[in-house]
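Below is a short briefing on one protein structure with two chains. Please look at the sequence and the model first, then read the points in order.

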Amino acid sequence: MAGIIEDENDDRVPISLRPEWSDVTPIPQDDGPNPVVPINYSEEFSEVMDYFRAVYFANEHSSRALSLTAEAIGLNAGNYTVWHFRRLLLESLKVDLHVEREFVGKVASGNSKNYQIWHHRRWVAEKLGLEARNSELEFTKEILSIDAKHYHAWSHRQWVLQTLGGWEDELNYCNELLAEDMFNNSAWNQRYFVITRSPFLGGLKAMRDSEVLYTVEAIISYPENESSWRYLRGLFKDESALYVNDTRVSSVCLKILKTKSNYLFALSTLLDLICLGYHPNEDFKDAVEALRTWDFGEQDSDIARTICSILEKVDPIRVNYWIWRKSRLPQVA
Amino acid sequence: MSSSETSMETTIDKDLHVTFTHMMYHLLPNPYESQEINHLTLAYFVISSIDILNSLHLVEKEAVVNWVLSFQVRPGTTDDPNNGQFYGFNGSRTSQYPPDENGVFRYNNSHLASTYCALSILKIVGYDLSSLDSESISTSMKNLQQPDGSFMPILTGGETDLRFVYCAAAICFMLDNWSGMDKEKVKDYILNCQSYDGGFGLVPGAESHGGATYCAIASLRLMGFIEDDVLSSCNSSSLIDLPLLLDWILQRQGTDGGFQGRPNKSSDTCYAFWIGAVLRILGGCNFVDNKALRGFLLSCQYKYGGFSKFPGEFPDLYHSYYGFAAFSLLEESGLKSLCSELGITNIAANGV
């Protein structure tokens, strides 16, 4: 076999020397006559997978096979064949799934960005049913306390809420996370998830008012935070007329514009509002004009065109986009 | 690079990258054994990289074809074609077990993502897919489709999300056979993944994400639900909220020039492909500050070849591949052009 390297783990007893495995003949990997892009396997990896092949092919359901799957998972936590076989063993050996849950927790701590671990965790939770709800919410909370934007943890948490419930404290949890970091886009997304789907909150329409208040405050605190502006827009999903006519939306734009600081999103939001039919008054025109600290040449009387011109200057990374947006504006009479 | 240029890197060091990927082609270093289950995917990264770098002559095409074909799971002589199996490709030797005397695969671990990688590699090395026994792939794929339109990657069970929707769409496209999926249901699932902010999450309700957005848009394009260069046309797509998506996607470019996968996260090399490819598909490439993007990507270029996720780190195969792909989208000289929606070069996609 090509490329066997020295084991670093000297404590490990090779399986071939373990008495409980003496009756099993490992099945070597058949890489075929001309392996392409070969992997430089370690001795440990080759041996574990050779023995796994043997028990899998023989369909051996035993506790030694179960232990072996744990070893294999340790070497390649993404191996879905091993995970699947482990699930078959857990069922036939009637293993206590609370114990298995602990096992998954340990594996996850070393490998948390791995789809198979989370899929297995979900499988265990499904089997345990409603009683698993709190432990799953706790588990994801722990992961999120280390990495508050952990995509798998959020996915799992959303699945738990939808399948097992536990919605009651979720909006509060979002409040906590946002208080820690208002820029946590995952927490904003979860907020949207909760207000639209929680059976206790009445849906988007019922929550819109209070959420607009919350979001406007968040915007005022950190006007440079993209997440809050997008959330505000999202509160009016499929309701452009409401978005355009809600004075709180246009007001917060004006407020931020007047500060002349961190006004990029305020400008682009105002532009979007105008494109959706909003007619800004003189206050807006003055506030926008005040941001134009250079000479364009001819002054543009159209506020939308002025906004685009300013954005071309102050958001240079997206200059071509703002030029394009300007070109798509309805022609001024 | 001419002597009149500044000392800052302005071009990628193609020779270094060719050496890097060629070394990988000959032997993947030991740390990659922890990803062995995705061996075919690793091979796809290596071989597609070599192709993008216009160095396919370094690859033994016949050996590659035979190796890839050895992973295929075909129905046995006694197999009922309607037995609910998926007949695709295994992803690795650790998940592959021989068939019995009747050619029946008692242990069928063929996988959607591996199948996508297998077909991609075959196309890259110029293998004519009509030589492939592909009917069983196409028809059995519907056994993986879920009631909500999404796809499970493997019959023994797995997470269902946009990644496998993409794999399924790409497979159907490459085989020019859509009998394996209910397209309308797939479209509905994808649309349900569009978030309130215009981007797409991996599953409905999930946070919008660059990679998921690529899977969504590329799939819709492959299925024919989005026309080419849709931004240039006066009729905006009513299927998805295109203006909202465009605004979200363009905001992913940071002041460091790189692309982030989600708002308020760090720029990462691979999103230069995921996001860049979406813009290419929609016809919005010129909205990117290409100079700034190059600057970021070059800061992730490793001195001995390859690209890392973040500036100043060690390279890995995944980020190297997407780094090369991103430079191809930037039309770097010496690199082959990329078919954005398939994730392989245009020559590979369309045949010689």
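Helix α4 of chain B is mostly covered, with 13 of its 13 residues buried; buried means under 20% relative accessible area, exposed over 50% and partly exposed in between (1.4 Å probe, protein chains only). This is a predicted model, in which local features need pLDDT of at least 70, side-chain atom pairs count only at pLDDT 80 or more, and totals for chains, interfaces and linings use all residues. Residues are numbered from 1 along each chain as its sequence is written, chains are lettered from A and ligands numbered from 1 in the order in which they are written, and side-chain values use heavy atoms, with hydrogens and water left out.

**Helix α4 of chain B**

- Helices (H or I, at least four residues) and strands (E, at least two) are DSSP runs, numbered from the N terminus.
- α4(B) covers residues 112-124, and its end C-alpha atoms are 18 Å apart.
- After α4(B) comes G126(B), which has a positive phi near 85°.

**Two buried residues of chain B**

- T269(B) sits in the loop between α9 (242-250) and α10 (271-282) of chain B.
- T269(B) counts as buried because its relative accessible area is 1%.
- Beyond its neighbours within four places in sequence, T269(B) is in contact (heavy atoms within 4.5 Å) with residues including F296(B), L297(B), C300(B) and H319(B).
- L242(B) belongs to helix α9 of chain B, and L242(B) is buried because its relative accessibility is 3%.
- The C-alpha atoms of L242(B) and V230(B) are 9.2 Å apart, and the two residues are 12 residues apart along the chain.

**Where chain A meets chain B**

- Chain A brings 61 residues to the contact and chain B brings 71 residues.
- About 5800 Å² is buried between the chains, 55% of it from carbon and sulfur atoms; buried area is the accessible area (1.4 Å probe) that two parts lose on being put together, summed over both.
- Y80(A), Y151(A) and R230(A) supply 14% of the area that chain A buries against chain B, more than any other three residues.
- There are three salt bridges between the chains, a salt bridge being a side-chain nitrogen of Lys or Arg within 4 Å of a carboxyl oxygen of Asp or Glu.
- R230(A) and D247(B) form a salt bridge through their side chains, at 3.1 Å from N to O.
- On the side of chain A that touches chain B, α9(A) gives the most, with seven residues.

Conventions:
Expected span 1.5 Å × (residues − 1).
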